[in-house]
Amino acid sequence: MGFFSKAFRAVTNLAKGAINLVSKVVSSIVSAVTSPFGMNIDVPDYGIGTDQAQAIEGVLVNKDSAVENIPIVYGQRAIGGTRVFVSTNGSNNKYLYVAMVLCEGQISGYNKLSIDDNEVPLSSYAHGVQATPSSGNYANKLVAQFFDGRDNQVASTLLKEAPGWTDNHKLSGLAYIALRYEWVGYNTSENPNNNPYGGGIPNAKLVVQGKTILDLTTIDPATYNTAYDSDTKTYVNNPVSVLCDYLRSERYGKGLSNDLFDWTSWKAAADLCAQTVTYANATTSAAFTCDAVMDTANTLLSNCKILLASFRGIMPYQGGKYILKIENGGDDTDITATPSDPATVFTVTNEHIIGGVQLEGESKEHKCNRAIITYVDPEAGYQPNDVIYPEEGSADDTAYLAADGARLEKRITLPTIANRKIAEQFARVFVRRSRSQKFITFNTNLTTSNNSVGDLIRVTIDTIGLDGLFRIVDLRVTTDGAVEVNAVEHQPSAYAIDSSGADYTRPSINLPDPLSAPAPTNLVLASGSAYNLVTNSGGYVESDSTVIRLYATWTETVDPYHTSYVVQYRDSADSDWTTAGTTVEEYFFITGVTVGTAYDVRVASINSLGRRSAYVTVTNHTIQS
């Protein structure tokens with residue numbers, strides 16, 4: 001088990017060098033890690049080569065591996081895990097023990113456990129406490145023990161019941177769950193679904209409140225210089241705080257030192273994300289949140305792009321520090337503001353320009369009239385879902401189509417957004433931003449060298465009658481020593497908070513539940529000469545040897561997953577049941593019974609998943625001759 005932990009760490013550490021290029025400024029005054037849309041207002045390019053919608057589903061899967069990368073969970077997400085230990089108790093195989101690693105620690109905690117998509121309410125979700133189902137399915141047949149991934153956690157007392165798990169198996173720094181399943185077979189009158197262990201390994205899924213991190217909204221940027229390991233960490237899903245944690249962690253991130261951060265800009269960005277915004281239907285939320293399962297198999301640069309895109313973040317490296325900005329309407333203190341004349345850092349005039357100006361207007365290459373945003377939907381089990389702007393046939397949709405003459409659609413997956421309102425607002429900004437923007441490129445002298453990627457500038461050029469606001473998306477030094485500026489026109493109204501905020505009408509689905517088998521009905525018992533057989537060596541013929549039988553009939557189970565029935569009986573004076581057999585018919589003959597003795601009989605249905613229904617029972621039937 002120690003090797004397992006080291007193997008994970010080794011794979012993670014390989015990616016640490018991937019972000020080195022971020023801190024190198026090659027032929028540039030300013031280098032931006034990423035802009036959420038980029039120069040061409042296109043979908044975010046994460047540089048991963050992985051379908052992010054499939055990745056959202058993939059984190060829910062249970063895996064068996066000793067070399068799987070350990071993810072990092074920020075905010076709240078449902079997650080499967082990697083089974084790193086599976087064992088029976090070594091004697092009668094009554095118990096199955098499983099250790100499943102979930103993510104990097106230390107996390108805030110756990111909210112929910114599901115076994116084979118069947119929610120299991122537990123008596124406790126606390127670190128290190130053995131918990132049992134407090135009600136419902138699996139009561140008394142499952143024990144769980146959660147570990148939040150603290151570095152000094154001790155070995156699971158539950159797993160030490162199994163051979164192979166010792167005090168040395170601590171999985172330090174890893175959040176994991178220890179599970180003990182119990183197999184009881186069919187010979188029980190208890191809850192028929194109270195049997196998670198049926199011979200295979202059940203699939204477990206947990207809702208996790210992720211990493212405890214520094215909340216940047218609480219710091220004083222003028223004085224902050226606390227070491228990463230000494231920070232006061234808490235549960236927060238602010239995307240700026242998340243990005244900061246990822247860049248500072250030496251375990252799974254880059255390990256950047258405090259002197260590389262412009263804390264004033266980071267604090268301001270964190271405050272913007274935490275700002276409460278009100279949508280058109282009067283619902284509210286934080287402006288941006290981050291509920292992410294970060295894949296440590298990706299390069300750090302790719303993961304930074306994923307995090308930045310989710311809140312329209314821009315992270316230039318300038319003057320030896322990382323600066324953080326959020327693309328907004330023009331007021332860095334209010335995410336909802338759309339000032340018609342926002343503050344700019346510089347005004348570019350004819351006298352600053354060297355050579356000509358390249359000005360590109362609207363084009364279908366950059367424009368779109370519909371955005372489909374794939375996000376993580378907590379109401380659908382944290383599966384991917386879509387939000388669309390504008391809705392088909394809406395006023396905006398009709399106007400955009402009439403103006404463009406064709407459907408211009410972009411699909412974007414934001415795997416860190418688990419809030420439909422935020423996803424819809426993102427779609428509105430994306431579409432509106434694309435529809436009326438100019439792109440400008442020009443060379444200038446070093447008077448503009450103090451500007452930064454993400455800054456708003458005013459460009460006034462008399463010769464072409466241009467006077468407009470632009471946001472810098474790229475700055476670089478040319479071979480002749482000039483500064484090349486690339487900027488995109490800024491339209492404050494594109495960032496207005498006017499999302500409907502409404503959830504879609506979720507369909508009511510009424511499908512058969514494969515986890516619950518309906519019981520048969522109308523069990524009837526009969527005995528007597530009509531149900532007795534006479535036999536000899538040649539078969540069933542008239543003779544003096546009579547086989548006494550008890551005849552049971554019932555009404556079939558109406559269930560598409562039904563496969564068979566199990567029939568049990570006992571002397572009415574006894575407490576233990578005997579399984580007479582299984583059948584696919586709606587009747588069964590029980591032999592070996594005695595005339596004049598009272599018997600109880602019960603029948604249950606079994607489905608294709610091995611689930612047993614409740615028993616239908618008839619008692620005290622006296623056998624007739």
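Modeller: A residue counts as buried at under 20% relative accessible area, as exposed at over 50%, and as partly exposed in between (1.4 Å probe, protein chains only). The model is predicted, with local features requiring pLDDT of at least 70 and side-chain atom pairs pLDDT 80 or more, while totals for chains, interfaces and linings use all residues. Numbering starts from 1 along each chain as its sequence is written, and side-chain values use heavy atoms, leaving out hydrogens and water.

The buried residues are Pro 239, Val 240, Ser 241, Val 242, Leu 243, Cys 244, Asp 245, Tyr 246, Leu 247 and Arg 248. Their cover includes strand S3 (72–74) and strand S12 (204–214), together with helix H4 (263–274) and helix H5 (300–310), contact meaning heavy atoms within 4.5 Å.

Strand S6 (residues 95–104) is also largely enclosed by the rest of the structure, because 10 of its 10 residues are buried. Strands pair if DSSP finds at least two bridges between them. S6 runs antiparallel to strand S5 (residues 82–88), to which 6 bridges join it, and Arg 83 stands opposite Met 100 of S6. With strand S11 (residues 174–182), S6 forms an antiparallel pairing over 9 bridges, in which Val 98 has Leu 179 of S11 as its bridge partner.

Another set of strands forms an open sheet: 4 strands in the order S35-S34-S37-S38, with antiparallel pairing. Its edges are S35 (578–583) and S38 (616–622), each pairing on one side only. Within this sheet, S34 (residues 562–571) pairs with S35 in the antiparallel sense over 5 bridges, and Gln 568 has Thr 579 in S35 as its bridge partner.

The axes of H6 (residues 395–404) and H7 (residues 420–435) come within 13 Å and cross at roughly 30°; axes are lines fitted to C-alpha atoms, for helices over the stretch in contact, and angles run from 0 to 180 degrees between N-to-C directions. The contact involves Asp 396, Tyr 400, Ala 403 and Asp 404 of H6, and Val 431, Arg 432 and Arg 435 of H7.

Note on methods. Helix = DSSP H or I, 4+ residues; strand = E, 2+ residues; numbered from the N terminus.
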